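Work through the exercises below with the coordinates open. Each task is followed by a stepwise solution.

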Amino acid sequence: MILSAGNTSKSKTLSFGLVVGATSLAFVVSQLDVSIVNIALPQISKSLHATISTLQWIIDAYTVAFAALMLSAGGMGDLLGSKRIFQIGFLVFGLASMGCGLSWSAASLIGFRGLQGIGAATMIPSSLAILNQAFSNDKPKRARAVALWTAAGSVSIAAGPILGGLLIHISSWRMIFFVNLPICLIGLLLSMKLKTSKRQLVRGFDIPGQLTWPLGLIALIAVIIEWHKLGIKDPLIYGGLIFSLVMFASFIRIEKKAHAPILPLGLFSSPSFNVLLLLGTIVNGTYYGTVFVLSLYLQNVLHYPALKAGLAFLPLTAGFIISNLASGRVMAKYGTRVPILIGLLIATIGFAGLLIAKTDTPYWQLFIPFLTIPIGMGLAVPAMTTGILASVDKSLSGTASAVLNTIRQAAGAMGVAIFGAMANGGPTAIVYAITTSSLISVGCWIGVAVLIFKYLKHIE
């Protein structure tokens, strides 16, 4: 009897580890490619003769495709089964990563980065849906699983510049894409052991919604990136802005009438759901934009080589590891509201600390903000993700996670576009971009903290 109980316990532990391990690898590889490319920007610029706006496209081609297609992928996961969509995502991402590493021009790299984004868009909603369905009847275990999943992604996004700097030091910028191949292969092999996901065969495909949302988002990001070079009076700029607004308005109208919308507007009836989406917007918009500018700052202003610039991001990795693991315990005791508010306070202090960045600032003065920003984010994000999942029916978990991650990736693309545009113009412009973006970030984080305090209640 004792042996039997031990075997049962081991089986449950293995099942938990398998589900979390497989799904976390998807988040690792998708988040790694958000940040690992930042440290390679100067090398890519020299190799492919890329301007600042072209570098922004290399970053945002990934995040725009990620955000534009995630709503569709979330619905497809609910319709066809999360496991199947999850496996397709790994395959596409691996092939696209190989293409990025073999790119022969800036245009080809941008194209393959977009294909990477498509792969990531199919992996992330389905991975979170697999987690939610596997542990839907055990809230503490679900909270722990989501915390570990989030920790894996957060650590990888913070470790990206470090790993990128090391790979560039020993090889070239192309290696930062080839490193994805073994991760994708392991993820595919592990996914074969996952249980087949439930499907909702009564739903259909919202083709008009799937077309209008990506067109509107791509047009908006293009306007933000190119307005600095072309000027606001250029027909492509104001025409693109008008086109984007028309597409977004059409998308909302279509979703109101669609039989099977990719964005069920009923999800937005909950104040908690809405304020958590806003939090996701602020988190990714400020962080992605800040990391893009800091990568330029360390290499183009402080003149750090790639390896040293990568190592400078080490406190971000440490901060995410510490706070993500602590977040699960804090959630288990206090629910979602407390860790979010504490995290917002700590991250706000971190962004304020970046105001000291000048053309000759020593690194030790940057260490504190480099550490406190990820500590704050690492406390807040797992609680945010858990709160989103807890606010919807588990049958819509794929769609809800897709909405959250769509908003986050779209905000990340906009953050890179906006903060990056400020940095276009040499070292002085880069320092100005850090100062201005830090002030914007502080204001946004304080504002969302007030809303969280007021509206986020009764979610455990």
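**Exercise 1. The largest cavity**

Task: Sort the lining of the largest cavity by residue class, then locate this lining in the predicted model.

Solution: 
- Step 1. Count by class. The lining of the largest cavity has eight nonpolar, five polar and one charged residues.
- Step 2. Find the centre. Of the 14 lining residues, Gln31, Ser154, Ile157, Met377 and Arg408 lie nearest to the centre of the largest cavity.
- Step 3. Assign the elements. At least two lining residues each come from helix H1 (2-35), H6, helix H11 (271-301) and helix H15 (363-390).
- Step 4. The largest cavity holds about 120 Å³ of space. The structure has four cavities of 30 Å³ or more.

**Exercise 2. A helix pair**

Task: How are helix H6 and helix H13 oriented to each other, parallel or antiparallel?

Solution: 
- Step 1. Read the values. Helix H6 (residues 139-170) packs against helix H13 (residues 314-334) at about 175°, and their axes are 8 Å apart.
- Step 2. Apply the cut-off. Angles over 145 degrees count as roughly antiparallel. H6 and H13 are therefore roughly antiparallel.
- Step 3. List the contact. H6 contributes residues including Ala147, Ala151, Ser154 and Ile157, and H13 contributes residues including Phe320, Asn324 and Gly328.
- Step 4. Class the contact. It has 15 nonpolar, five polar and no charged residues.

**Exercise 3. The second largest pocket**

Task: Which helix gives the largest share of the lining of the second largest pocket?

Solution: 
- Step 1. Size the pocket. The volume of the second largest pocket is about 280 Å³.
- Step 2. Two or more lining residues come from each of helix H9 (207-230), helix H10 (235-257) and helix H16 (397-422).
- Step 3. H16 gives the largest share, six residues.
- Step 4. Check the centre. Of the 17 lining residues, Trp213, Phe248, Leu263, Thr406 and Ile407 lie nearest to the centre of this pocket.
- Step 5. Class the lining. It has 15 nonpolar, two polar and no charged residues.

**Exercise 4. An aromatic pair**

Solution: 
- Step 1. The structure holds 12 aromatic pairs.
- Step 2. Place the residues. Trp213 is in helix H9 and Phe251 in helix H10, so the pair ties together parts 38 residues apart in sequence.

Conventions. Residues numbered from 1 in each chain as written. Predicted model: local features only at pLDDT ≥ 70, side-chain atom pairs only at ≥ 80, totals over all residues. Heavy atoms only, no water. Axes fitted to C-alpha atoms, helices over the stretch in contact; angles between N-to-C directions. Helix = DSSP H or I, 4+ residues; strand = E, 2+ residues; numbered from the N terminus. Parallel < 35°, antiparallel > 145°, perpendicular 65-115°, else oblique. Contact = heavy atoms within 4.5 Å. Nonpolar A, V, L, I, M, F, W, Y, C, P; charged D, E, K, R; others polar. 1 Å grid on protein atoms, 1.4 Å probe; cavity = no way out; pocket = protein on both sides within 12 Å on 5 of 7 lines; lining within 4 Å. Points joined across faces, edges and corners; volume = space filled by probe spheres on them. Phe/Tyr/Trp six-rings, centres within 6.5 Å; stacked < 30°, edge-to-face > 60°.
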